[in-house]
Amino acid sequence: MDEALSLSQPMLYAIAGPAKGRKVLLGREVVTLGRRGNMAVSIEDPKLSGHHADIRCTDGAYVLRDCMSTNGTYVNGEIVTDTRLAENDRIRMGHSEFIFTSLEKLDEVEAMVASHGSAELTKGSTTSAASTPKVQMSLATQSVVVGEACADDKLATAHKKLWSLYEIARRINVLSELDDLLELVVNTILKEMDADRAVLLLADKATGELKPVLTKCREAMRSDEPVQLSETIVRQAVQSRQSILTEDAGSDARFAGGESIALMGIRSAMCVPLLANDTVVGVAYVDKLSRTAAFDAEDLEYLTVLCNSATISIENARLFSEVQATNRKVTEAHKQLEASYQELAETQQKLIQAEKMSSLGRLVAGIAHDLKNILTSVTGYAQLLKMPTSDEKRGTYVERLNETTSMCTKMVRDLLSFARQDEVKPAPGDVNALVVEALDVVRAPAEEGNVEIVRDLAAQLPPVNLDMLQMTRVLTNLMTNAVQAMEGTDEPRRLTVRTARESDVVHIAIEDTGPGIPPDVMNKIFDPFFTTKPKDKGTGLGLSLCQGLVAAHGGEISVESPPGKGARFTLRMPIQSPSPQSSAPSGEAETD
Ligand SMILES: Nc1ncnc2c1ncn2[C@@H]1O[C@H](COP(=O)(O)OP(=O)(O)O)[C@@H](O)[C@H]1O
Ligand SMILES: [Mg+2]
């Protein structure tokens with residue numbers, strides 16, 4: 001049952017100290033207790049802190065909270081930081097004591113105090129007599145037991161240390177920078193232990209060797225000399241993995257022969273190994289040169305607890321700084337990589353440029369050669385025409401002259417097209433008609449090369465925006481390449497042209513049964529001036545030209561060449577205003 005509710009009117013009744021006899025009714029609001037005048041319960045007790053504690057109603061129960069008081073708050077003899085109060089709980093702070101009771105039970109409690117005195121009242125019963133419980137305060141593995149008879153000072157010191165440990169642990173937990181953490185730990189050790197010197201050593205991650213990372217000396221002890229500590233004591237702490245306390249190191253049999261001990265006149269010393277997963281990751285060393293027995297078991301315990309809570313944080317901070325260092329290295333490497341990449345890209349650009357220049361050189365040489373040949377034949381035929389000859393021969397010479405000059409015209413036209421001087425003027429057109437026209441151009445060379453032509457054209461294709469003249473040149477180029485590729489290859493030699501519709505795109509595929517395109521040249525074939533053909537056969541401008549023209553129509557060109565299966569070039573031409581009809585099945589498949 002709810003404790004607060006079981007007390008119909010909860011209250012505090014002061015049974016000892018300056019406020020003895022005072023009654024404080026507890027309601028929903030917070031009741032503050034302390035020495036300060038503005039406290040709800042202000043008591044002139046010198047052992048109380050300004051704001052010592054408070055009581056608040058939480059979830060139907062009354063909770064007593066110590067407000068980091070100097071001398072602590074006790075309930076039924078036990079030191080508390082935060083506790084739910086139960087009926088007849090006895091609260092002590094400084095010289096003052098209260099009973100947590102109710103208005104209804106007040107008469108009973110008052111009568112009891114009057115007849116037995118406050119010391120007889122115990123938790124659980126207001127009538128039975130029992131001895132006042134002892135106070136136990138655990139610092140770590142051992143417990144410091146302080147009897148009622150012990151001086152309040154001792155309790156106060158222990159309480160203070162507990163708070164200091166709590167405070168330090170809290171601050172340690174929020175620090176992530178290793179330097180700040182070490183500074184806090186060493187400063188705390190020096191201050192709390194009243195030591196002459198405090199040194200923190202950490203094990204080198206690679207070698208395991210312990211190296212001092214932070215040393216602090218008491219003001220009066222500071223000098224420019226490096227601090228020497230007892231290696232003998234440190235070694236023993238590391239080997240035994242136990243905290244070591246010596247009241248007089250000079251006469252301590254455990255460290256007999258320790259030269260530095262005698263040399264430096266070390267008297268009191270403590271040494272605590274920092275253990276993480278049973279591995280010594282560091283050591284805390286404290287000494288007092290001037291005095292023997294300067295530290296006791298409690299100090300050692302304090303130091304051990306402090307080091308235990310610091311170890312994990314130190315390890316985390318070291319890991320954190322290692323991660324940061326690695327991050328910095330990765331960022332640095334990334335930057336270098338980017339710089340190298342940039343350099344590589346520039347070199348590649350230069351290479352491409354050089355390659356283009358050399359291709360251009362080859363092309364110019366090729367054109368010059370062709371033009372020279374053409375001019376030679378033009379001059380030759382012109383001279384022949386000057387000489388007396390038969391009309392029939394004259395006619396032949398004129399015809400040859402015409403052929404030669406039209407070759408010259410074609411060459412110039414290709415070059416102009418390549419320089420993108422031809423304008424593309426698309427208009428809705430029939431793709432199948434385009435294919436038929438292009439096939440007419442290659443029919444003669446195909447027949448000559450014994451190439452069979454297969455047409456597989458889809459019926460009812462929607463009109464596509466085409467510049468008929470330019471697109472005929474595109475298809476002729478692709479078909480000529482196919483016919484040329486099959487020259488001298490095993491029969492049957494077949495050139496297949498397909499058209500099909502796929503959603504809002506019309507496909508035109510040109511397939512051959514030639515040798516295909518080797519993988520190492522695949523990514524170069526669209527480069528201008530790239531050719532694998534002899535000078536009189538190829539300029540390397542065809543595919544580059546095709547790509548430019550198809551793109552100018554808003555289309556795409558791609559190539560596949562599975563090993564041993566020839567090459568297939570596919571054009572994807574967009575349908576400008578998609579018709580609602582779906583793709584029509586192949587309406588024509590015939591062999592020319
Ligand atoms: N159908 C094909 N089969 C094999 N290789 C081809 C085919 N079409 C083009 N190529 C390759 O692409 C290169 C570039 O073609 P192109 O740009 O038309 O220039 P050219 O025909 O003047 O060599 C050709 O030299 C050839 O190596
Ligand atoms: Mg070509």
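Let's start with contacts in the protein chain. Among those between residues at least 6 apart in sequence, 61% join residues at least 24 apart. Two residues are in contact here if their C-beta atoms, placed from the backbone, lie within 7 Å.

Now, what are we looking at? This is a predicted model, where local features need pLDDT of at least 70, side-chain atom pairs count only at pLDDT 80 or more, and totals for chains, interfaces and linings use all residues. Residues are numbered from 1 along each chain as its sequence is written, while chains are lettered from A and ligands numbered from 1 in the order in which they are written.

The protein chain has 592 residues, and 30% of them count as buried. Buried means that 20 or more other C-beta atoms lie within 10 Å of the residue's own; exposed means 12 or fewer, and partly exposed is in between, with C-beta atoms placed from the backbone. The secondary structure comes to 12 helices and 26 strands. These are DSSP runs, numbered from the N terminus: helices are H or I with at least four residues, strands are E with at least two.

Next, the ligand. Which helices each supply at least two residues of the shell around ligand 1? They are H10 (468-485) and H12 (542-552). H10 gives the most, with 4 residues. There are 20 residues around ligand 1, and Ala485, Thr531, Gly538, Gly542 and Leu543 come nearest. Near means that the residue's C-beta atom, placed from the backbone, lies within 6 Å of the molecule. By class, the shell has 8 nonpolar, 10 polar and 2 charged residues. For these classes, Ala, Val, Leu, Ile, Met, Phe, Trp, Tyr, Cys and Pro count as nonpolar, Asp, Glu, Lys and Arg as charged, and the others, Gly among them, as polar.

Stay with H10 and H12. Their axes come within 9 Å and cross at roughly 145 degrees. Axes are lines fitted to C-alpha atoms, for helices over the stretch in contact, and angles run from 0 to 180 degrees between N-to-C directions. The crossing of H10 and H12 is left-handed. That means the near helix is turned anticlockwise from the far one by less than a right angle; clockwise would be right-handed. On the H10 side, the contact is made by Gln470, Met471, Val474, Asn477, Leu478 and Asn481. On the H12 side, Gly542, Leu545, Cys546, Leu549 and Val550 take part. This contact has 7 nonpolar, 4 polar and no charged residues.

Which residues of H12 are buried? Gly542, Leu543, Leu545, Cys546, Leu549 and Val550 are. Seen down the axis of H12, its buried residues fall within an arc of 155 degrees, so they line one face of the helix. The arc is that of the directions from the helix axis to the C-beta atoms. Here is the background: an α-helix has 3.6 residues a turn, so residues three or four places apart point the same way. After H12 comes Gly554, with a positive phi near 80 degrees.

H10 has another partner. Helix H9 (residues 431-448) packs with H10 at an angle of about 40 degrees, with their axes 9 Å apart. H9 passes H10 in a right-handed crossing. Residues of H9 in this contact include Leu434, Val435 and Glu437, and those of H10 include Met468, Met471 and Thr472. The residues of the contact divide into 13 nonpolar, 3 polar and 1 charged.

Now some backbone details. Most residues other than glycine have a negative phi, and most peptide bonds are trans. The bond from Glu491 to Pro492 is cis, with omega near 0 degrees. Pro492 lies in the loop between H10 and strand S22 (493-502). Asp59 is not a glycine, yet has a positive phi of about 50 degrees. Asp59 is in the loop between strand S5 (53-58) and strand S6 (61-66). Is Asp59 buried or exposed? Asp59 counts as exposed, because it has 8 C-beta neighbours inside 10 Å.

Finally, Ser69, in the loop between S6 and strand S7 (73-75). Ser69 counts as buried because it has 23 C-beta neighbours inside 10 Å. Not counting residues up to four places away in sequence, Ser69 touches Ser49, His52, Ala53 and Met93. Ser69 and Ala53 are 16 residues apart in sequence and 7.3 Å apart in space, C-alpha to C-alpha.
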